[in-house]
Structure formats: C-alpha cells, structure tokens
Amino acid sequence: MANPLTQVPLERLRQRTSVKWRLYPEDVLPLWVAEMDVDPAEPVARAIIDAVQRGDTGYPAGTAYAEALAEFAKTRWDWDVAVENTAMVPDVMLGAVELVKLVSGPGDPVIVTPPVYPPFYMFVRGMGRAVVEAPLTNGRLDLAVLERTFRHIRADRPVFLLCNPHNPTGTVHTADELTAVARLAEKYGVRVIADEIHAPLVAASAEFVPYLSVDPNGLSLMSASKGWNLAGLKCAVALAATDELSRLPEEVSHGPSHFGAIAHTAAFREGGDWLDAVLSGLDDNRKLLATLLAEHLPEIGYEPSESTFLAWLDCRGLGLDDPAAVFLDRGKVALMSGKDFGSGGDGHVRLNIGTSPEILTEAVRRMATAR
C-alpha cells in the first residue's frame with residue numbers, strides 16, 4: 001500500500017476547513033495540532049458513506065466498537081479486552097473527566113507527568129481539581145519522583161493521569177516501568193487512568209504495553225482517533241478490569257457520535273494495512289527530520305521516538321525565549337509551544353511529522369531561516 005502521508009498535495013490540504021488549516025493564514029505551514037495530512041482509510045470512508053446512504057444517522061448503540069478494539073488488541077498486543085467491562089465515551093479527554101469523577105472526590109488532586117499533553121491541565125482544572133506535577137526525567141517516568149509525589153499527597157482518593165505512550169515525547173513506557181507504577185499506585189492508594197489514544201501508533205521496533213495488563217485496578221481510555229486521523233468523528237472506549245464502569249452516569253453514553261462509532265469500528269477491524277503504511281511513513285519521516293535538523297538546525301536536540309506522529313524538539317540551544325513564536329513570526333511555521341506542556345517544556349516545541357516529506361522539508365528550511 002502506498003504511503004498515505006504522500007497522497008494529499010498541499011493545495012488540496014488547504015481546502016480543508018478543520019482547525020489545523022483555518023487557524024493561521026495560508027502562508028503558514030501548520031504542523032501544530034494533532035491532525036495528520038492523510039485521506040481516510042478506504043474501509044473507514046466506505047463505512048461512513050454506507051451509513052449515510054442507508055440513512056443510519058441516529059444514536060450509537062451496542063458493543064461493536066469495543067469488539068473491534070478487542071480483536072485489534074488481541075492481534076497487535078496479544079491482550080484480551082473484556083468487552084463486558086467497557087463503555088463508549090464521547091472522546092478520550094471527556095472520558096478521562098468522567099473516570100476521574102467516578103473514582104475520586106471533588107477535592108482530590110490529579111497527578112500528571114510533564115511535559116505532557118496540555119488538555120490534561122485544561123480539563124482537570126476545568127473540573128476544579130488541583131494538578132500535581134511529577135516531572136519526567138530524560139523523557140521517561142521517574143519512579144522515585146512518582147513515589148515521592150504519591151507519598152506526599154494528602155487526599156482520600158488521588159488520581160494519576162498517565163499518558164501511555166507519552167505525548168509529546170513519544171516515549172513508549174516499558175512493562176517494567178508500568179508494573180512499577182502499578183505497585184506504587186497500590187501502595188499509596190492512587191487510582192491510575194491511562195490515556196492510551198496513541199497506542200496504535202507504536203512502531204514495530206517498540207512494544208506497546210496496555211496499562212490494564214499490569215494493573216487490574218487501573219482504568220484505560222482508547223480510541224482509533226489518532227491512529228486513523230478521526231478527530232472529527234468523536235468516540236472512544238473506556239476500559240476496566242471489573243464492572244466498575246457500570247456506575248458511569250447514563251448521560252455519558254449520549255455523547256459519542258454514531259458516525260464516530262461506525263468509523264472507529266471500521267478502522268480497528270479493517271484498517272490494519274492502512275495503519276501499517278502510515279507507521280512505515282512515520283518511520284521515514286523521523287529519519288528525515290533527524291537528517292534535516294542535523295543539516296540546517298544542529299543546535300536543536302531531537303531524539304526520534306518510537307510512537308505517535310509528534311516530534312519533541314529541544315530548541316534551548318537557539319537562545320530564544322519562545323521558539324514557537326519565532327518560527328511562526330519569522331518562518332511562517334506553526335508549532336506547539338513547549339510552554340503549554342507544563343514543567344520541562346520551556347525552550348521546546350512540538351512538531352507534527354504526520355505530513356508529507358515535502359512539507360516537512362520545507363518546514364525545517366523555513367525554521368532555519370527564522371532563528
């Protein structure tokens with residue numbers, strides 16, 4: 001199968017009306033938000049078109065989505081999903097909010113490991129909860145920092161919101177690391193909720209470990225959204241090892257999109273070949289980005305990750321207060337500022353490599369002229 005990242009020319013991308021292509025003027029290359037520059041996988045497009053043609057535009061029902069995820073999880077990760085212990089939720093972050101409310105109280109804090117996905121802060125604080133940081137060390141979970149944080153939390157039911165794989169660094173947490181997290185959580189009475197939206201985007205050179213495979217007391221959120229570029233077709237699956245999710249309020253099940261459930265089901269069930277082609281293209285883009293930076297911006301630190309379509313760039317060597325602002329103003333390249341990712345983000349930017357080699361090459365060229 002042809003690389004999906006090379007099939008959509010820039011002129012057609014600019015016809016899109018999503019936030020990626022509408023927030024900035026047309027002279028800006030947008031490599032910021034987590035949308036890939038691809039057309040939908042054929043099975044996904046067919047499923048949506050078929051639904052429209054038969055007038056299937058109502059409310060979602062049933063467990064087809066969870067069953068498709070279970071088939072994918074067994075094939076890809078040799079992991080058994082208990083479909084009866086799942087629930088459809090509107091999307092991963094709204095699902096995270098509901099799970100936090102399910103397992104903790106109004107005054108209980110939420111622990112995060114920055115630099116981390118900015119909505120972790122936004123959604124948690126929007127609930128009126130305190131965010132407690134346990135920063136990564138050299139891009140990985142620091143178990144000593146986590147234990148110290150867990151031990152000093154004064155709350156009845158604290159929560160750890162784990163990003164697995166990690167956004168923005170692309171770190172793939174190992175079985176040993178996750179097992180250690182589970183032991184610490186049990187020791188200190190912390191419930192772990194794992195955002196595993198990027199799980200399908202782990203390269204063949206690494207191994208994704210579902211958090212629930214090491215912690216029967218954990219909770220997880222999964223989706224086809226990132227792997228198959230379906231952000232506009234909202235739907236996700238919450239997973240548990242017990243029937244705990246049966247206590248979710250009924251209104252939560254009213255939020256998922258029926259088209260989302262249809263599209264995500266088709267992706268997990270029939271989109272494997274397309275996903276593999278994307279994974280191969282992302283591997284190529286990681287190598288290309290490393291080569292381009294070494295040639296044009298050697299002051300930038302970059303370690304190619306083994307997951308996600310995101311690159312975490314250390315721009316501190318450029319001596320800029322906010323590198324993302326400079327790259328936008330002078331180079332007309334839109335990136336995510338590291339400042340938005342919490343502690344450890346200053347001097348960094350997040351760049352979306354889920355695009356064509358041509359756009360990636362032009363973006364680095366522009367960045368080099370902007371420094």
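Which residue in strand 13 is the bridge partner of Ser337? Val349 is. The close-ups below start from that pairing. This is a predicted model, in which local features need pLDDT of at least 70, side-chain atom pairs count only at pLDDT 80 or more, and totals for chains, interfaces and linings use all residues. Residues are numbered from 1 along each chain as its sequence is written, and side-chain values use heavy atoms, with hydrogens and water left out.

**View 1. Strand 13 and its two partners.** Strand 13 covers residues 348-352. Helices (H or I, at least four residues) and strands (E, at least two) are DSSP runs, numbered from the N terminus. Strand 10 (residues 310-314) runs antiparallel to strand 13, joined by 5 bridges. Here Trp312 stands opposite Arg350. Strand 12 (residues 336-337) also pairs with strand 13 in the antiparallel sense, over 2 bridges. Two strands pair if DSSP finds at least two bridges between them.

**View 2. Both faces of strand 13.** Of its 5 residues, 5 are buried. Buried means under 20% relative accessible area, exposed over 50%, partly exposed in between (1.4 Å probe, protein chains only). His348, Arg350 and Asn352 lie on one side. Val349 and Leu351 lie on the other.

**View 3. The largest nonpolar core.** This core has 78 residues. A nonpolar core is a set of buried Ala, Val, Leu, Ile, Met, Phe, Trp, Tyr and Cys residues joined through side-chain atoms within 4.5 Å. Among the members that touch the most others are Trp228, Leu289 and Met367. Helix 10 gives the most to this core, with 8 residues. Met367 touches Leu297, Ile300, Leu313, Phe327, Val333, Leu335 and Leu351, not counting residues up to four places away in sequence. Contact means heavy atoms within 4.5 Å. A second, separate core of 29 residues includes Val92, Val103, Val131 and Ala236.

**View 4. Helix 4 and its neighbours.** Helix 4 spans residues 64-77. Its buried residues include Tyr65, Leu69, Phe72 and Trp77. The buried residues pack against strand 2 (86-89), strand 7 (219-222), strand 8 (236-240), helix 9 (258-270) and helix 10 (272-296). Asp78 follows the helix, with a positive phi near 50°.

View 5. Strand 3 (residues 110-112) pairs with strand 5 (residues 159-163) in the parallel sense, over 2 bridges. Ile111 stands opposite Phe160 in strand 5.

Key. Expected span 1.5 Å × (residues − 1).
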